[in-house]
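Please look at the sequence and the structure below before reading on.

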Amino acid sequence: MWDSIIVQALRYMVYGPPYYENISYNTRVSLQYLIPTFLIMLLVSRKTSGLYRGYGILQVIRGVSRKRMILLLYARLVGQVLKYLGLYYLGIVIFTYVLYIGGNNILPEELGKGVLQTDGSVFGGNLIMAAFMYITVYVVIALALSFAEHFVSDKTAYVILITVVFVMMELDNLIVVTGLPKWLHYILIYNFAYGLRNGIYSEGSVVTEMMVLSVTVLVIVAGSVRLYGKKDLV
């Protein structure tokens, strides 16, 4: 029983919302799937902006390397993302279990239907790949939010990033329902988290996606080190 519940919960987490031609309805469904994004970004915000006041300034005065401070900050952000996603997944497992015991031992098969490999394996390669990409995308989102805080206030950065993420998800839906070229998926990196839904790595490889995400991470980290190293703190 628990094997099936764990798989179903993972399916639900990484599959993403269906595609709808009704844009208004699609928007409402998309917002439901963005709940973990709203919460995780809220919980990891104000980290970079904190380096420019109070304790952050005190650390610099004490001679702590700014580069070290930024790198440690980003390491903590990655750890926080993993922790929050773990809690979110645990919540989905509990929810799925409640549906199971409340539905006469019938699992909600519609949750992420069709994600398993055709060979019938419980944790098929595509599902594991989807989970890995899902986590990686959220790490990139957290780092992007932190990077934005070098330029604007934490509240402004939050609003900008949430808006960008929402627009990416909506554009992904438009690409599918309007028949636009599939390569456009690759500039909407938030949707890499739902690659099983949009088929951007249906061939079983995420090389292109990981290259895009890796370059994004490197640019963010290098840019943050450079910006924080040169910016006046007072």
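This is a predicted model: local features need pLDDT of at least 70, side-chain atom pairs count only at pLDDT 80 or more; totals for chains, interfaces and linings use all residues.

## Helices α3 and α7

Helix α3 crosses α7 in a right-handed manner. Two packed helices are described by the angle between their axes and the distance between the axes. For α3 and α7, the angle is about 155° and the axes are 11 Å apart. An angle over 145 degrees counts as roughly antiparallel, and α3 and α7 are therefore roughly antiparallel to each other.

Which residues of α3 and α7 meet? On the side of α3 they are T37, F38, M41 and L42, and on the side of α7 they are Y158, L161, I162 and V165. Sorted by class, the residues of this contact between α3 and α7 comprise seven nonpolar, one polar and no charged.

## Helix α2 and its two partners

Helix α2 covers residues 23–33, and helix α7 covers residues 154–178. The axes of α2 and α7 come within 11 Å and cross at roughly 135°. This angle makes the pair neither roughly parallel nor roughly antiparallel nor roughly perpendicular, so α2 and α7 are oblique to each other. Their crossing is right-handed. From α2, the residues I23, N26, T27, S30 and L31 take part in the contact, while α7 contributes F166, M169, E170, N173 and L174. The contact of α2 with α7 contains five nonpolar, four polar and one charged residues.

Helix α2 also meets helix α3, which spans residues 35–44. The axes of α2 and α3 come within 4 Å and cross at roughly 45°; the two helices are therefore oblique to each other. Here L31, Q32 and Y33 of α2 touch I35, P36 and F38 of α3. The classes in the contact of α2 with α3 are five nonpolar, one polar and no charged residues.

E170 belongs to helix α7. Is E170 buried or exposed? Its relative accessibility is 13%, and the cut-off for a buried residue is under 20%, so E170 counts as buried. Apart from residues up to four places away in sequence, E170 touches I23, N26, T27 and S30.

## The loop between α3 and α4

The loop between α3 and α4 contains T48, and α4 covers residues 55–61. T48 has 0% relative accessibility and therefore counts as buried. Leaving out residues up to four places away in sequence, T48 touches L73, S146, E149 and H150.

R46 is found in the loop between α3 and α4 as well. Most residues other than glycine have a negative phi. R46 is not a glycine, yet it has a positive phi of about 70°.

## Two residues beyond α7

L188 lies in the loop between α7 and α8, the latter covering residues 195–198. With a relative accessibility of 6%, L188 counts as buried. Its contacts, apart from neighbours within four places in sequence, are M168, L171, D172 and I175. L188 and V165 are 23 residues apart in sequence, and their C-alpha atoms are 8.6 Å apart in space.

K231 is placed in the segment after α9, a helix that covers residues 207–230. At 31% relative accessibility, K231 counts as partly exposed. K231 and Y52 are 179 residues apart in sequence, and the distance between their C-alpha atoms is 9.2 Å. Y52 is also one of the residues in contact with K231, together with R66, H150 and F151, when neighbours within four places in sequence are left aside.

## The chain as a whole

How many helices and strands does the protein chain have? Its secondary structure consists of nine helices and zero strands. The chain has 234 residues, and buried residues make up 44% of them.

Among contacts between residues at least 6 apart in sequence, 75% join residues at least 24 apart. The pair of K231 and Y52 is an example of residues in contact that lie 179 places apart in sequence. The protein chain exposes about 12200 Å², of which carbon and sulfur atoms supply 67%.

Note on methods: Residues are numbered from 1 along each chain as its sequence is written. Side-chain values use heavy atoms; hydrogens and water are left out. Axes are lines fitted to C-alpha atoms, for helices over the stretch in contact, and angles run from 0 to 180 degrees between N-to-C directions. Angles under 35 degrees count as roughly parallel, over 145 as roughly antiparallel, 65 to 115 as roughly perpendicular and the rest as oblique. A crossing is left-handed if the near helix is turned anticlockwise from the far one by less than a right angle, and right-handed if clockwise. Contact means heavy atoms within 4.5 Å. Ala, Val, Leu, Ile, Met, Phe, Trp, Tyr, Cys and Pro count as nonpolar, Asp, Glu, Lys and Arg as charged, and the others, Gly among them, as polar. Buried means under 20% relative accessible area, exposed over 50%, partly exposed in between (1.4 Å probe, protein chains only). Accessible areas come from the Shrake-Rupley method with a 1.4 Å probe; for residues, only the protein chains shown count as cover.
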